[in-house]
Amino acid sequence: MPNFYATTPIYYVNDKPHIGHAYTTVLTDVLTRYHKLFGFDAFFMTGVDEHGQKVQKAAAAKGVSPQQHVDEYNVHFKNLWAKLNINYGHFIRTTDECHKKFVRDSLQSLYDKGEIYSKEYEGWYSVGEERFFEESELVDGKDPISGRAVEWLSEKNYFFKMSNYQQKLIDQINNNPSWILPDFRKNEVLGFLKKPLNDLCISRPKSRLAWGIPLPFDEDFVTYVWVDALENYISGVQDRKHADGTPLWPADFHLIGKDILTTHCVYWPTIIMAMGWELPKHILAHGWWLIDGSKMSKTSGTGVNPMDYIENYGVDVFRYFLIREMVVGQDATFGHDSFVRRINSDLANDLGNGLNRIHKLILTHFDGKIPAPAAEIGEQEKELESYAQKAMQFAKENIGEAKLSQIVEEILNSVRALNRYLEATAPWKLAKSAEQKDRDKLATVLYAGAKTLKNALTLLSPVIPQKAEQGLLMLGASDGILGKGEALFPRIQEDK
């Protein structure tokens, strides 16, 4: 049995989760479920990043300790993942003792190897991103990532000799074309590496930031939050193994948003190289959800609360929209009207209507048991079968590059082919005929239709696990005896 290990980023607990967190986690969950469907021993890990200046500030604003704050806020993520039916294998918190020990041990190892040194440093510092920026990196004098103000700081800090690994990293990217996905993200990283790579500041003085993992070789400093956070991908599974006994690390996929590309494709791999660990097999950076062409932002009032959509429309239709609407790697627009159109078109009209038709006809004319094909399998049935086979083959061939939107569309193509087949064969007319040949044809049509729907629902089960299970039960699951009928995907009708 092949193995698979995927990770989400670990999310800051300075605020409640939003659609960006939801998308990355659903994406990783769906990718992992597909691998399980195709016979992999698949595992995925998510969690929360509980150290750093933003967390310390959020706790201070509430008048509580940082530990009290993270103990409260990590639960918001766990609750949302439960609502979204996220089937993770482990939820890591960077305040876990095993993680803190792992980070301290690895930093001590780097220090002992001569990979870490101290010096006085000054530069432009962004509290929002918790990192220093060169003057040339600023945009209109502000942090180039978040657009927030920066401040000039001068202090002693510890540095990792990241510059020593620049050429080795460039070679890794060039020699492994699919290591960073999609291709244009790889090109962004290579563009970044055309400039000399600076060493990485890996500490913050406790006089400025107390909430972090103390450096093992100087207790007056804490670990820079990004160095702390990145090591979770190994620390969280250090004692876990696949069913065949092999360690989970290295990860097959790091799933990240494009805004943390540099930390995962430059900082993290150079640390791994210095430690002598194996590199992750793929780093996949997805795009942003946009409204009116701009990234969603709670501060600008353009955010979408996943809980609202889950409560109003159901978890599976929300999961479906996220996966189908965004082509992995590209940006996508979240609009309420487009949400309604997508769900009504794909799920209510195409999948829901096809399922209801087949279910009702079998229930009425074959006592609720899927009939055996009585007539000769003709060209129409062979064509319908080819759509189902194509969907299965496409999914297996493209899951390795996480082409989830395209996979879902291929599955829906088989459902649309079914609906065309039903229009062409008109089983509701065949059911009114008293002739045996028409009843034989009816049995064949309903058998072929049920088989196509079972295939489609099985392939959609990683995306809509609850609805797929209900649909398969309606079609008799494995025994062919139909379950209770229900409208799996009610059409969304709203007043303008």
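This is a predicted model: local features need pLDDT of at least 70, side-chain atom pairs count only at pLDDT 80 or more; totals for chains, interfaces and linings use all residues.
Figure 1. Cys265, by contrast, counts as buried, because its relative accessibility is 0%. The structure contains zero disulfides.

**Figure 2. The protein chain as a whole, as context for the close-up views.** The chain has 496 residues, of which 55% count as buried. Its secondary structure consists of 17 helices and 17 strands. Taken along the principal axes, the box filled by the C-alpha atoms is roughly 95 × 50 × 40 Å.

**Figure 3. The aromatic pair of Tyr309 and Phe334.** The count of aromatic pairs in the model comes to 29. Tyr309 belongs to helix 10 (residues 306-313), whereas Phe334 is in the loop between strand 17 (332-333) and helix 12 (336-365), so the pair ties together parts that are 25 residues apart in sequence. Tyr309 and Phe334 are both buried. Ring pairs also place these two residues in a cluster, together with Tyr23, Trp289, Tyr313, Phe318, Phe321 and Phe339.

**Figure 4. His336 in helix 12.** His336 is a residue of helix 12. With a relative accessibility of 28%, His336 counts as partly exposed, because that class lies between the limits of 20% and 50%. Val304 is 32 residues away from His336 along the chain, and the C-alpha atoms of the two residues are separated by 9.9 Å.

**Figure 5. Lysine side chains placed over aromatic rings.** Two such arrangements are shown. Lys258 lies over the face of Trp288, at a distance of 4.4 Å from the ring centre. In the other arrangement, Lys467 has its charged end over the ring of Phe489, 5.9 Å from the centre of that ring.

Figure 6. Strands of a sheet pair through backbone hydrogen bonds, in either a parallel or an antiparallel sense. Strand 10 is paired with strand 12 over three bridges, in the antiparallel sense. Within strand 12, Phe221 is the bridge partner of Pro205. Strand 11 and strand 12 (residues 218-223) run antiparallel and are joined by two bridges. A hairpin leads from strand 11 to strand 12 through two residues. Asp218 in strand 12 stands opposite Leu215.

Figure 7. Strand 7 (residues 151-160) runs antiparallel to strand 9, and two bridges join them. Phe160 has Leu200 as its bridge partner in strand 9.

**Figure 8. The second largest pocket and its lining.** The space in the second largest pocket amounts to about 460 Å³. Its lining comprises 22 residues, and the closest to the pocket centre are Phe132, Glu134, Glu137, Asn198 and Asp199. Strand 5 (116-126), strand 6 (131-133) and strand 9 (200-201) are the elements that give two or more residues to this lining.

Definitions and conventions:
Residues are numbered from 1 along each chain as its sequence is written. Side-chain values use heavy atoms; hydrogens and water are left out. Rings of Phe, Tyr and Trp (its six-membered ring) pair if their centres lie within 6.5 Å; planes under 30 degrees apart count as stacked, over 60 as edge-to-face and the rest as tilted. Helices (H or I, at least four residues) and strands (E, at least two) are DSSP runs, numbered from the N terminus. Buried means under 20% relative accessible area, exposed over 50%, partly exposed in between (1.4 Å probe, protein chains only). A charge sits over a ring if NZ of Lys or CZ of Arg is within 6 Å of the ring centre and within 35 degrees of the ring normal. A disulfide is a pair of cysteine sulfur atoms within 2.5 Å. Two strands pair if DSSP finds at least two bridges between them. On a 1 Å grid over the protein atoms alone, a cavity is a set of points where a 1.4 Å probe fits but cannot get out, and a pocket is an open set with protein on both sides within 12 Å along at least five of seven lines; lining residues have an atom within 4 Å of a point. Grid points are joined across faces, edges and corners, and a volume is the space filled by probe spheres set on the points.
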